[in-house]
Structures are given as C-alpha cells and as structure tokens.
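Hi,

Here is the structure I promised to pass on to you. Have a look at it first, and then read my notes below.

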Amino acid sequence: MRVGIGYDSHRFADGRKLILGGVAIPHARGLAGHSDADAVAHALADALLGAAGLGDIGTLFPDTDPRWRDADSLELLKAAYTRVVTAHHRFVQADITVIAEQPKIGPHVGAMRERLAGALATAPSAISVKAKTNEGMGWIGKGEGVAVIAVAVLE
Ligand code: MG
C-alpha cells in the first residue's frame, strides 16, 4: 500500500466557469488558472502521483505549455493516473476535502464522486468528497478562492 497527499488552491476570477471535480457549479465567478482550474481534480492527481512517487501535475503538465490551456482537468487526472498504472500501481481509494466559503459545495458532492470515479475507472464509493467552509477566516473565508486537500491510497 502507498499513500499520497495532494493540495491545490485557485483564486476566484470573473468571467470563468466554476469547475470542481469535473462538475460545472453555478456561481457568479469561476476559478482562475491555465487549465479549467479544477482544484479538486488537481489535488487528486497530485495525491495519486505522490503515492506513486512520480512528482506532481505542475511538472507533468506545466502551465507554460499551450497544450494545457483551458484543459479539461479530468483529462489531466486520467493522464496522471495512466502514469501511475504504467508504474504498476492501482487505485484503491481517495478522500478529498474541498474548503470554500461559497458556493455551497455539498449539493454537488455526489456528481463529483461520479465524475472523478469515471476518470479513474473506479466506483464512486471509492472516492469520498467532503465540503467545508473556513468559518469566515482568512482568504478562503473572504471568498478569495478555494482550497482542496486529497489523500489517495494505491496498491
Ligand atoms: Mg491547480
């Protein structure tokens, strides 16, 4: 068994869609980023890569590369997992916490689990997604952005 942790954060920006865990969430602002800025997919990909000792998505898919501009991050997640499988590891389970003051993430957790599970060819029951606020504190509390922590287990 191998365990990896991933963290990601993105800043809210006007004129962007809010995509988290492969799900388009209705909100006045989206997240800024080179790709679609899906911090859930990015944190999970880093957890998988970390568990396999294969680096991180910033190295595999640099934001200086025009190929990844506005990229669907579920495709990045799939590509990261392909590296993991090629290195003879198999996904077992993940636990993800999304920290955002708004919008409400809870109603979208089920859809996120399905989308993420689809990307890893696993069952939604193998991917836990939890939503928290930051109790109004700090940059998350002020609604400046979203942070995500993910832990993944491989065998
Ligand atoms: Mg990111």
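Let's start with a question: are His10 and His42 buried or exposed? Both His10 and His42 are buried. Please keep in mind as you read on that this is a predicted model.

Those two histidines take part in the metal site. The magnesium ion is coordinated by Asp8 through OD, His10 through NE2 and His42 through ND1, at 2.1 to 2.2 Å. Written along the sequence, the spacing of these donor residues is D-x1-H-x31-H. His10 sits in strand β1 while His42 sits in helix α1, so this pair ties together parts that are 32 residues apart in sequence.

The largest pocket holds about 270 Å³ of space. It is lined by 15 residues, and the closest to its centre are His42, Ile57, Gly58, Phe61 and Asp63. Of the elements, β1 gives the most, with three residues. Sorted by class, the lining of the largest pocket has six nonpolar, five polar and four charged residues.

The second largest pocket has a volume of about 160 Å³. Among the residues that line it are Arg16, Lys17, Asp36, Asp38, Asp70, Asp72 and Arg115, along with Ile19 and Leu74. Its lining divides into seven charged, two nonpolar and two polar residues.

Last, the aromatic rings. How many aromatic pairs does the count come to? The count comes to one aromatic pair. The partners are Tyr81 and Phe91: their ring centres are 6.5 Å apart and their planes stand at 90°, so the pair is edge-to-face; the cut-off for that label is an angle over 60 degrees. Tyr81 belongs to helix α3 (residues 73–86) and Phe91 to strand β5 (residues 91–99), so the pair ties together parts that are ten residues apart in sequence. Why do both partners count as buried? Buried means under 20% relative accessible area, and Tyr81 has 11%, whereas Phe91 has 4%.

Enjoy exploring, and write back with any questions!

Best wishes

Methods
Residues are numbered from 1 along each chain as its sequence is written. This is a predicted model: local features need pLDDT of at least 70, side-chain atom pairs count only at pLDDT 80 or more; totals for chains, interfaces and linings use all residues. Side-chain values use heavy atoms; hydrogens and water are left out. On a 1 Å grid over the protein atoms alone, a cavity is a set of points where a 1.4 Å probe fits but cannot get out, and a pocket is an open set with protein on both sides within 12 Å along at least five of seven lines; lining residues have an atom within 4 Å of a point. Grid points are joined across faces, edges and corners, and a volume is the space filled by probe spheres set on the points. Helices (H or I, at least four residues) and strands (E, at least two) are DSSP runs, numbered from the N terminus. Ala, Val, Leu, Ile, Met, Phe, Trp, Tyr, Cys and Pro count as nonpolar, Asp, Glu, Lys and Arg as charged, and the others, Gly among them, as polar. Rings of Phe, Tyr and Trp (its six-membered ring) pair if their centres lie within 6.5 Å; planes under 30 degrees apart count as stacked, over 60 as edge-to-face and the rest as tilted. Buried means under 20% relative accessible area, exposed over 50%, partly exposed in between (1.4 Å probe, protein chains only). Donors are N, O and S atoms within 2.8 Å of the metal (3.2 Å for Na, K and Ca); water is not among the atoms, so sites may look incomplete.
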